[in-house]
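Take a walk through this model, one part at a time.

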Amino acid sequence: MLKIRHLISLSLATTLIAAPALAQNAAIVNGKAIPKAQLDKLVQKSGQPDNPQVRDQAREMLVTRELILQEANNRGVIQKESVREQLEQSRVGILVAAVFEDYVEKEGVTEAELKAAYESVKAQYTGKEYHVEHILVEKESDAKAIIAQLKAGSNFEEIAKAKSKDPGSAPNGGDLGWVTEKSLVPEFSKAMVQLKPGQVSDKPVKSQFGWHIIKMVDSRDVKAPSFDELKDQLKQMIASDQNWQKAKFSEMMQKLRAKAKVQ
């Protein structure tokens, strides 16, 4: 009886010791612990919701990686000259990319380059944009009947909410917001640009979607966003250009060589 009690006590003690270890680690592979922090970091970097399924997949990846590392060590492949050379090449490649990324972030894209890019982008903001509403129906006869109602004094927005077949704009009284001529189908745009603020098309407009009654709310010249609004996007646009990257990498290396002592 004493022997059985001793075994039970020993088992409980082992369990109590193992539980905290498992709580701190994601897994233990052949005695090598994989910290839970590694699992948390991998799940976070995956960009997926943190749930048991994602955690199981991430844990399997960590276990697989650890098994490969252990097997590589057991087989002695890390000591092979060809493997060591490839590892060193990979290490240098990663460092080169990291140094250049840091250079670009801190001093790569100049204010002058940003201003020049902004002027180029700004020049593309030309023409007009229009604030329009519309009512979309399936039949021309229905569109003509609605136009007659509008001429008799009916409310455009109320009819749009009740009869328009466009699910995106109908709940908002047919409002399409501010649009450009190129953003809409040609038939719609052609009729739209002929209207004055407050005017409603006196004839139904046919498109691939059905029959439209168009109301011009207002129009204005297209206005480019400010430099500050576009600055981050411009920086990304410039930094992603391959020719720019080559020139900047060459510039970085020239600066490094200029202050280096090469014998």
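Asparagine 25 has proline 35, in strand 2, as its bridge partner. Strand 1 and strand 2 run antiparallel, and four bridges join them. Strands here are DSSP runs of E with at least two residues, helices are runs of H or I with at least four residues, and both are numbered from the N terminus. Two strands count as paired if DSSP finds at least two bridges between them.

A word on the model itself. It is predicted: local features need pLDDT of at least 70, side-chain atom pairs count only at pLDDT 80 or more, and totals for chains, interfaces and linings use all residues. Residues are numbered from 1 along each chain as its sequence is written, and side-chain values use heavy atoms, with hydrogens and water left out.

Back to the hairpin. Strand 1 covers 25-29 and strand 2 covers 32-35, with asparagine 30 in the loop between them. The hairpin has two residues between its strands.

Strand 1 itself is another matter. Four of its five residues are buried, so strand 1 is largely enclosed by the rest of the structure. Across in strand 2 sits isoleucine 34. Is isoleucine 34 buried or exposed? It is buried, because its relative accessible area is 4%. Leaving aside neighbours within four places in sequence, isoleucine 34 is in contact with Asn25, Ala26, Ala27, Val29, Leu62, Val63 and Glu66. Contact means heavy atoms within 4.5 Å.

Four strands form an open sheet in the order 4-3-6-5, with antiparallel pairing. Strand 4 (175-180) and strand 5 (205-207) stand at the edges. Each has a single partner strand, so one side of each is left without a neighbour in the sheet. From one strand to the next, the twist averages 45 degrees. Angles run from 0 to 180 degrees between N-to-C directions, and axes are lines fitted to C-alpha atoms, for helices over the stretch in contact.

Follow strand 3, residues 128-137. Strand 3 pairs with strand 4 in the antiparallel sense over five bridges. Tyrosine 130 has valine 179 of strand 4 as its bridge partner, and histidine 131 stands opposite tryptophan 178 in strand 4. With strand 6, strand 3 pairs in the antiparallel sense over 10 bridges. There, histidine 134 stands opposite isoleucine 214 in strand 6. Why is strand 3 described as largely enclosed? Nine of its 10 residues are buried, so the rest of the structure largely encloses it.

Helix 6 (residues 140-151) lies across strand 3 and strand 6 (210-221), running at about 50 degrees to strand 6. Helix 7 (residues 156-163) packs on the sheet and touches strand 3 and strand 6. The direction of helix 7 makes about 50 degrees with that of strand 3.

Look next at leucine 176, in strand 4. Leucine 176 is partly exposed, with a relative accessible area of 29%. Not counting residues up to four places away in sequence, leucine 176 touches Val132, Glu133, His134, Asp166, Ser169 and Phe188.

Helix 4 gives the largest share, four residues. The lining residues divide into four nonpolar, two polar and three charged.

Terms used:
Ala, Val, Leu, Ile, Met, Phe, Trp, Tyr, Cys and Pro count as nonpolar, Asp, Glu, Lys and Arg as charged, and the others, Gly among them, as polar. Buried means under 20% relative accessible area, exposed over 50%, partly exposed in between (1.4 Å probe, protein chains only).
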